[in-house]
Number of protein chains: 4
Amino acid sequence: MRDFASDNSAPALPEALEAIAAANTGHVVSYGADPVTARLAERVREHFGAGAVGFPVFNGTAANVVGLRAMLRPWQGVVCAESAHLNVDEGGAPEAMAGIKLLTVPTPDGKLATELVERRMTRIGDEHVVQPGVVSITQSTELGTLYTVEEMAALADYAHARGMLLHVDGSRLANAAAALGVGLGELTAGVGADVVSFGGTKVGLLAAELVVILDPSLSDAMPYLRKQSMQLASKMRFVSAQLEVLLTGDLWRRAASHANAMARRLADAVAGHVTITHAVEANSVFAILSPEATAELQQEFHFYVWDEHTGEVRWMCAWDTAEADVDAFAAAIVRVASS
Amino acid sequence: MRDFASDNSAPALPEALEAIAAANTGHVVSYGADPVTARLAERVREHFGAGAVGFPVFNGTAANVVGLRAMLRPWQGVVCAESAHLNVDEGGAPEAMAGIKLLTVPTPDGKLATELVERRMTRIGDEHVVQPGVVSITQSTELGTLYTVEEMAALADYAHARGMLLHVDGSRLANAAAALGVGLGELTAGVGADVVSFGGTKVGLLAAELVVILDPSLSDAMPYLRKQSMQLASKMRFVSAQLEVLLTGDLWRRAASHANAMARRLADAVAGHVTITHAVEANSVFAILSPEATAELQQEFHFYVWDEHTGEVRWMCAWDTAEADVDAFAAAIVRVASS
Amino acid sequence: MRDFASDNSAPALPEALEAIAAANTGHVVSYGADPVTARLAERVREHFGAGAVGFPVFNGTAANVVGLRAMLRPWQGVVCAESAHLNVDEGGAPEAMAGIKLLTVPTPDGKLATELVERRMTRIGDEHVVQPGVVSITQSTELGTLYTVEEMAALADYAHARGMLLHVDGSRLANAAAALGVGLGELTAGVGADVVSFGGTKVGLLAAELVVILDPSLSDAMPYLRKQSMQLASKMRFVSAQLEVLLTGDLWRRAASHANAMARRLADAVAGHVTITHAVEANSVFAILSPEATAELQQEFHFYVWDEHTGEVRWMCAWDTAEADVDAFAAAIVRVASS
Amino acid sequence: MRDFASDNSAPALPEALEAIAAANTGHVVSYGADPVTARLAERVREHFGAGAVGFPVFNGTAANVVGLRAMLRPWQGVVCAESAHLNVDEGGAPEAMAGIKLLTVPTPDGKLATELVERRMTRIGDEHVVQPGVVSITQSTELGTLYTVEEMAALADYAHARGMLLHVDGSRLANAAAALGVGLGELTAGVGADVVSFGGTKVGLLAAELVVILDPSLSDAMPYLRKQSMQLASKMRFVSAQLEVLLTGDLWRRAASHANAMARRLADAVAGHVTITHAVEANSVFAILSPEATAELQQEFHFYVWDEHTGEVRWMCAWDTAEADVDAFAAAIVRVASS
């Protein structure tokens, strides 16, 4: 069955498997003191800046939690959108694994803005209240929308002016950078971000995410926090190899651009037939369908209902989504929406 | 440089890479509802019994912590050997991630026994004291020694008779089962274990461990605990594929037996020249070297000093350790030990 | 300076000090196996029902956290009002001390209702999402409003029908029961609550709160959880003595009724001169003042601004608030509001 | 029944109740911004030095945990004696509430020494291992023994030279200072301690302990950590009043000296009749009794068996232990020991 449910449903890029195979020779020191991981460190500096240090971890939940652990004192919380993955889909990991309180803000489009963050800037210095310590934004957002470079910079400036740090959940950072036509560094170090969860899995790796530390004062803590957070790979070379190849040449951009283009193609094809609920800026399309239409469509295609109350559904495209798949799906959508 | 430092220094079994490649076709549902993971579930039942349920995770620290979270109430602790990986090498994950107190017992050989556990069975019912809830043993142990089937069963019976559960850290369970000439099920469900961390990485996978739940009352909690503990792989098929192939045919036994045999070969070759400090029962050899001998040897071979005070060193063999490597290493050891 | 800032600003009831003095004779067993605590247990059964078991703790934050720890599995969260003390004023203790995620709901008046709870009843059984395990309501609420007995019962029924439990943050339960003209048991066991934080301090004790367990299956865990949560008093008799006297005769009702009456008197005196923002049902009055009026009034009277954006202020009355204090304060309010 | 079980079995000093009564007048700001707490701050500076800041909390478990939370990063642990209260009697609060791993060391007499701490100074900088961050000693120890001023200073110097901090669990610091004939400051700031749990309850208060911060860089975190750790008293004046009176004049010394003298009197009276197992340096006596002698004695006197295996018992004296009580108890001991 063709799948528009998640970019996680897609297979891995052939390049990722080839990189793993290439790394599978002989004995190397475990836990990261290996040549592959050393090469990855160079790629990280190329993309994210000379001061950037990357720490591979296994998945996105972990990238977020480990990064935030490095950024926060125990009484500080994270200002984030109510719809943030951190708040909705991490199974309570921020709270249970790191004791972190999320200071959520409702947003219309999944995007924070300084005036929205401002609402949580109350009772500063009051020991009864978790103090805002980090602003966390998702780029691209859970709703497939994008922050501009300027919007990110404004949030970073706002945070820094108040002694806070900026965290970027970049589970789909590649999609955002590709869509905006900028580099990964422009979208992170360039805007003043302090810590970034750079996602590899959704864009085409098997299982590899990278915590990128841009504030050098936070690096020393990371090896301990990663290990303690159960995210230190013993055979690190195999995680690093995936990330290395993704950051070599323009693989990350090619994979992400294709997924973005397929979402665009899908949105264009169904526009006028269904209500599209969010700007289609990265690799997802949100639309409203009747329950009957959804049910009929799900017999042939796999996708998720996003909001049971409104009938909103989410369609995700991946690095391997074919034009023909999109066209067949769009045709089916138009058909069920019209009947 | 030839490596006797860790079985984690070894590459991955070619079969593991082939299994990953075979799984890399088309879209499947993420997070475990895929055909590869379904096939793994069958292999788990074959090996560990009809009631066994396996939950793949990324690494051994996580397998231990997630499994123990399912076994314990907040005021219960884990009786384990002072030398247990859980106590020494998990970066404080049991305490920091799960709030677990370890009730450690010094052991001569890394092995618990009922009379050693008994020492921690004090002040039962006293709210001031963390109550023993789980006995955790490592098979094979950090010191390369083995529990017999009878010894394991005695510990399980002891625990169950006191309302406790038995946890097996089986990071090297394959080595133990191969050495004892028994199946994985005989060594776990067969002895009455309740939860097992079955290790795949050290025996030849890239990054895949399995929490095997043998006490069915603990299964329901596992999906939530695994996700919350940051161990749910989105593209689960790639983790499952590794474990599936390891549990298919006798791959696990072949890989483990070879590593064990190489340790035996090494021990036999150096016996009489150096003092071997622990029974060589699995895939490691512990011996005493002078600091000078160690330094000289480390110029050519990579291995770790285990105890700086005594000069004890650890030599590990892996699935790919060659007889020629062992022989060259043994010759070098004999040479430096004699000089 | 006269104080309408908090019922915590008030002194202790003379009866509480007398009870402490009376308990201060000779040696008794520490940690709760003393005669005073035994008598308290009888009072608890009288008020809360034959199956009720009370566990004294030091403060309200702890009563809530320890009680909730007994009610929740690690992946379950607490549905509560966004304005709940638990969410706003506990310094992140639920998250940091107990790993609990709060599933908050905006409310107009600080009160949950089944249709509000319903909004958080999504993705049940989905391991990615913290599962609702407890509904927590505050009686009287942070906004000085009350749940009727019927409203509480409806929430309890709703929770139980879905396998959840009902927690009552009764930091001001005495005020609620006094205002509703019912007993403490009618408002807790009577409505089907499972665990109650019964507040002693705000109504007139020095420092004593009581976790009342009404669901007998939760009692066994409590001694361990209380100790581990750093809430076990060694000289328990002095905490128990305060709670015993409060629950003896009608002391709790007299103290709470007086505070309620003073809030009513204040509200009546200023009605028409200022906008009162919430129904005055217990011992607090919320009103809107201009920043200038607030500033002028605070030169003579101590009280807090509740919402800096709207100018809302909170005035609390306590067991010792005198009619003359209220009248003087009301006159000053009328004066500044009119100028 | 006369009680030699615990100094917690004793009542409160009359001065403590008088101080509470004196504080019970009118309204004051809650949570510590009151005149009594201000006066306590002065007493703290008098006793512990001009830079000392005290944070009252409810009990000793909390004093230890809150203080240690201020001293540690998440990957650092606490080197302490295996017999430390922290390890044995806190119900797992360090682990469960603060994620702290205790790096325990067996000791013959409950006392650490630099050479014992040295044993835990291994694998520094290794991310797999919890790093020693704090040395925690108990003064007087759980075994009734004392550190000399020089021994404490040596441990502080040792810790500081390695980037660690010194924590003093001073649950019975008054007994130690009284026995050594020094001031509280000499025994804490004077030796280079960084954080001290100063105990009030065991020496005669109702429920009041004080976290004394001597390293000024740790003060800012404390208000937040105390609140989050559920230890912020709303009616703080009543906790502060107890500590204030204890630190006024020589009340703490009188109370502690008396308890010490009674232990001395008891030890002297039974010497030669029973084996006393630890030096009697503060307010406890440890001795060996046969099970029969213990059973007979416990029919008349309340005390605890310390070690079921050896028959060791503990006898504690308190501020109110009368000479006649000691003499009667000693006579009974001599009688049962001789029979």
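**Starting from a sheet**

Tutor: Let's begin in chain A, where four strands form an open sheet in the order β9-β10-β13-β12, with antiparallel pairing. β9 (275-276) and β12 (304-307) of chain A are the edge strands, each having a single partner strand, so one side of each has no neighbour in the sheet. This is a predicted model, in which local features need pLDDT of at least 70 and side-chain atom pairs count only at pLDDT 80 or more, while totals for chains, interfaces and linings use all residues; side-chain values use heavy atoms, with hydrogens and water left out. Residues are numbered from 1 along each chain as its sequence is written, chains are lettered from A and ligands numbered from 1 in the order in which they are written.

A word on terms: helices (H or I, at least four residues) and strands (E, at least two) are DSSP runs numbered from the N terminus, and two strands pair if DSSP finds at least two bridges between them. β9(A) and strand β10 (residues 284-288) of chain A are joined by two bridges and run antiparallel. Within β10(A), A287(A) is the residue that stands opposite I276(A).

Now move to strand β5 (residues 131-138) of chain A. Eight of its eight residues are buried (under 20% relative accessible area; exposed is over 50%, partly exposed lies in between, with a 1.4 Å probe and protein chains only). The rest of the structure therefore largely encloses β5(A). Strand β3 (residues 76-81) of chain A runs parallel to β5(A), with four bridges between them, and G77(A) faces P132(A) there. β5(A) also runs parallel to strand β6 (residues 165-170) of chain A, this time through five bridges, and S136(A) stands opposite H167(A) in β6(A). Between β5(A) and β6(A) the chain passes through helix α7 (residues 149-161) of chain A, giving a right-handed β-α-β crossover; right-handed means that, with the strands pointing away from the viewer, the path from the first strand over the helix to the second runs clockwise.

You can find the corresponding elements in chain D. Strand β5 (residues 131-138) of chain D is mostly covered, with eight of its eight residues buried. Strand β3 (residues 76-81) of chain D runs parallel to β5(D) through four bridges, and V79(D) has V135(D) as its bridge partner. Strand β6 (residues 165-170) of chain D runs parallel to β5(D) through five bridges, with T138(D) opposite D169(D). Together with helix α7 (residues 149-161) of chain D, β5(D) and β6(D) make a right-handed β-α-β unit.

Back in chain A, I100(A) sits in the loop between α5 (93-98) and β4 (102-105). I100(A) is buried, with a relative accessible area of 4%. Leaving out residues up to four places away in sequence, I100(A) touches L68(A), L72(A), V78(A), P94(A), E95(A) and E95(C), where contact means heavy atoms within 4.5 Å. L68(A) is 32 residues away along the chain, and the two C-alpha atoms are 8.6 Å apart.

For chain B, a rotation of 180 degrees and 0.0 Å of shift superpose it on chain A, with an RMSD of 0.0 Å. These two copies are thus related as by a two-fold rotation axis. In chain B, M97(B) comes closest to that axis, at 2.6 Å (C-alpha). Between chain B and chain A, 52 residues of the one are in contact with 52 of the other. About 4,200 Å² is buried between them, 55% of it from carbon and sulfur atoms; in chain B, H27(B), M230(B) and K235(B) lose the most area to chain A, together 20% of what that side buries. Buried area here is the accessible area (1.4 Å probe) that two parts lose on being put together, summed over both.

The count between chain B and chain A is two salt bridges, each a side-chain nitrogen of Lys or Arg within 4 Å of a carboxyl oxygen of Asp or Glu. K227(B) and E90(A) form one of them, at 3.8 Å from N to O.

Technical notes
Copies are superposed by least squares on the C-alpha atoms of residues with pLDDT of at least 70 in both.
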